Amino acid sequence: MRQRLRHLSHDVWFIIGVMLVGMVCAGLAGLISPAGLIDIGTTYAQPYIEGFHGLERNQRFSYSFTKDEARVSFPGIGSSWTTLIIRASGYRPEGVSSAELVIDTQEIEPIKVSLRSDIARYYILLPPGDDDLTIYLTSSTFTTPNDPRQLGVVIDWIAAYQLEYGWPFWQAIHLALIGGLGYWLLRRLAVERALASVIVVTVLITLGGLLAAFRIWWAIFTPMLWGLLLGFHVCLGPLRSFTRFAFARGGETLPQWHEMWLWRIVLLAALIKIGGVIYPQTIVYDERWHVPRTQLVLDGRFMELVVPSRVTLLGETVGFEGGHFPYSPLWYLITAPFGLIGIDLGLASNVLNTALDVSRSLFIAYIALRLFGRPGLAVAAAGCYHLLLIPYFLISWGNWPTQLGLWGTLVLIAVVLAYDDQPGERRALWGVAAAAALAMLTYTVVGIMAFTMMGIYALFELIRRETKAIQRGKLLLLGLAIAEGIAFVTYHVWYVPVIVTETLPAISSALSQRVVRAEASPLPTPAIDGAYMLNHLTWPGIVLIVGGAILAWSAARRAHGLLFGWWAVLVLYSLVSWNIADMILKQVFFMLPLAALCMALALEWLWKQWWIGRTAVVLTLVYLALRVADRWYEYIMVKRHIG
């Protein structure tokens with residue numbers, strides 16, 4: 001006990017040290033006069049403004065009209081004398097009195113400015129205050145016969161330039177908390193004190209540099225970053241205990257050293273991915289479609305998600321071109337409670353979606369351990385998943401139900417493998433049935449793929465004619481039947497008339513047209529799919545995946561039919577995409593965990609090939625990590641911005 005307290009006291013001094021380093025980094029960042037410009041007419045301004053109408057553009061610049069009251073924030077600026085510059089227009093239609101804008105902060109008396117009708121700059125000197133400057137704008141408004149909105153004044157951009165040094169109090173606190181929480185998190189992951197200190201100090205210096213160069217863009221994020229680290233501390237203990245319990249119930253145990261590396265991978269991925277989606281400038285494309293569906297649940301219109309409605313009218317881009325298709329409502333039930341307690345549905349959905357993505361590492365590790373029995377390979381597979389570029393693309397796009405569907409599929413695979421040795425037990429049937437029901441209810445399209453994979457696995461086992469293999473085949477088929485019965489009673493029953501009258505004829509028509517059609521098909525082709533996979537997997541990744549697929553068959557100690565069925569899904573549903581309906585390459589998304597397994601197998605084989613193989617492994621990992629960093633920035637920070 002005394003020795004443990006001595007060790008903890010050493011850590012306390014290190015924590016105090018890195019917290020002081022964080023404060024110093026924040027203070028040094030302030031030596032470069034803080035400045036920031038918010039371009040009101042772009043989506044990048046959204047985290048910093050309130051009380052503005054939508055984005056507009058003329059031939060010269062983009063802008064937004066204020067409402068009668070508006071607010072603009074400059075995080076990290078304002079601790080000393082600051083110049084505020086507003087580029088604005090007081091345009092008014094003929095016969096409307098000239099525009100007046102009242103500018104107010106907590107440090108000054110309200111200033112009234114009469115604006116010119118043409119665009120011009122207005123300069124205001126502000127005294128020292130808090131190091132998070134907030135500007136309040138109040139203006140007279142007008143309407144036009146064609147636009148009933150209450151329009152204030154046109155704002156092009158607002159800039160703030162701090163003229164003298166001021167101690168950045170709040171940023172010093174934030175960086176200190178990041179340092180302390182980050183160091184202690186590393187220590188909980190068994191990182192040595194010296195190395196943990198070096199890592200944290202490097203991060204703090206980097207954050208200080210970012211604050212100096214891009215003040216408002218990073219000052220808004222530092223409180224979220226230490227909040228994220230605090231969340232990791234709260235969740236780490238319970239998650240580790242539950243994961244150990246789940247692995248043990250599934251008949252596997254990770255040695256402590258490998259388990260520690262698995263959690264290092266998981267938390268690093270969570271820091272990068274969840275940190276990316278909570279970054280205030282992030283815009284996820286699918287929010288515009290899925291958040292309103294969650295709102296339907298909150299508005300008491302849940303049945304519109306269950307029965308054929310405008311929500312399930314998927315048109316000619318997803319499904320089987322028959323109009324309506326069962327659209328699983330489970331995602332919206334899961335996210336609705338966040339809206340009830342006042343959390344932004346878009347933010348909650350992005351974080352939950354990304355947490356599901358990160359947690360796939362745990363499933364992949366278990367599946368690899370169960371299939372191949374090698375802890376090192378299991379940890380490597382968990383890491384390889386995050387070196388694939390597609391998950392970052394999916395996070396930036398959204399695809400929330402699809403992502404949940406893939407998560408449900410991994411649950412099903414893990415449960416099936418857990419009962420691989422005792423398929424005749426009664427609890428095995430109900431476990432598989434429950435997991436299969438989850439896989440189908442999470443997302444119908446991905447659920448159908450999961451059922452196809454398990455159906456092929458079942459047939460593969462039945463053909464073998466061994467006692468346990470026959471038991472596995474019967475277990476899978478009966479479990480799938482029970483699960484589909486649950487899904488049918490829950491919501492598939494509503495789609496029987498639609499499927500009979502629309503979907504099946506549409507499939508028949510698509511196939512017949514494919515046979516007689518002479519011109520090129522507008523549907524996806526193998527060349528398009530190949531280009532897509534190359535773009536998101538890279539040549540090194542594809543070579544590793546193909547090579548690992550060859551190794552997988554001989555390396556697997558069980559469930560060869562599962563591997564066969566998993567690959568068969570890619571082939572079968574690619575044929576569906578090419579000939580019947582564009583499923584937006586969901587069959588490719590379905591293969592990502594298997595791709596990570598194959599990559600790990602190939603890397604493991606290369607590592608054993610003396611120095612040449614090890615050099616190839618190191619260079620490949622460095623290349624993939626750099627590509628991931630580049631695509632992370634493109635997909636999460638840039639790609640989805642509009643305007």
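This is a predicted model: local features need pLDDT of at least 70, side-chain atom pairs count only at pLDDT 80 or more; totals for chains, interfaces and linings use all residues.
Contact here means that heavy atoms lie within 4.5 Å. Setting aside neighbours within four places in sequence, Arg472 is in contact with Asp420, Pro423, Tyr457, Glu461 and Arg464. Arg472 counts as buried, because its relative accessibility is 13% and the cut-off for burial is under 20%.

Arg426 lies in helix 14 (residues 426-442) and counts as exposed, at 68% relative accessibility. The C-alpha atoms of Arg426 and Leu475 are 9.5 Å apart in space, while the two residues are 49 apart in sequence.

The pairing of helix 2 with helix 3 comes next. Two packed helices are described by the angle between their axes and the distance between the axes. For helix 2 (residues 169-188) and helix 3 (residues 193-213), the axes come within 9 Å and cross at roughly 150 degrees. Helix 2 is therefore roughly antiparallel to helix 3, as angles over 145 degrees are counted that way. The crossing of helix 2 past helix 3 is right-handed. On the helix 2 side, the contact is made by Gln171, Leu175, Ile178, Gly179, Gly182, Tyr183, Leu186 and Arg187. Their partners in helix 3 are Arg193, Ala196, Ser197, Ile199, Val200, Leu204, Leu207, Gly208 and Leu211. Sorted by class, this contact of helix 2 with helix 3 has 10 nonpolar, 5 polar and 2 charged residues.

Helix 7 can be followed along its length and then across its packing. Spanning residues 287-298, helix 7 has 12 residues. From its first C-alpha to its last, helix 7 reaches 16 Å, close to the 16 Å expected at 1.5 Å a residue. The buried residues of helix 7 are His290, Val291, Arg293, Thr294, Leu296 and Val297. An α-helix has 3.6 residues a turn, so residues three or four places apart point the same way. The buried residues of helix 7 pack against helix 8 (303-306), helix 9 (330-340), helix 10 (345-372) and helix 13 (400-418). Helix 7 is followed by Gly300, which has a positive phi near 80 degrees.

Positive phi values also turn up at residues other than glycine. Most residues other than glycine have a negative phi, which makes the next two cases worth a look. Asn399 is not a glycine, yet has a positive phi of about 50 degrees. Asn399 sits in the loop between helix 12 (390-397) and helix 13, where Asn399 is buried, with a relative accessible area of 9%. Trp610, likewise not a glycine, has a positive phi of about 55 degrees. Trp610 belongs to helix 23 (residues 610-639) and counts as exposed, at 72% relative accessibility.

Gly54 is found between strand 2 (49-52) and strand 3 (56-57). Gly54 counts as partly exposed, at 44% relative accessibility. Not counting residues up to four places away in sequence, Gly54 touches Tyr63, Ser64 and Arg149. Gly54 and Lys112 are 58 residues apart in sequence, and their C-alpha atoms are 25 Å apart in space.

Definitions and conventions: Residues are numbered from 1 along each chain as its sequence is written. Side-chain values use heavy atoms; hydrogens and water are left out. Helices (H or I, at least four residues) and strands (E, at least two) are DSSP runs, numbered from the N terminus. The expected span of a helix is 1.5 Å times one less than its number of residues. Buried means under 20% relative accessible area, exposed over 50%, partly exposed in between (1.4 Å probe, protein chains only). Axes are lines fitted to C-alpha atoms, for helices over the stretch in contact, and angles run from 0 to 180 degrees between N-to-C directions. Angles under 35 degrees count as roughly parallel, over 145 as roughly antiparallel, 65 to 115 as roughly perpendicular and the rest as oblique. A crossing is left-handed if the near helix is turned anticlockwise from the far one by less than a right angle, and right-handed if clockwise. Ala, Val, Leu, Ile, Met, Phe, Trp, Tyr, Cys and Pro count as nonpolar, Asp, Glu, Lys and Arg as charged, and the others, Gly among them, as polar.
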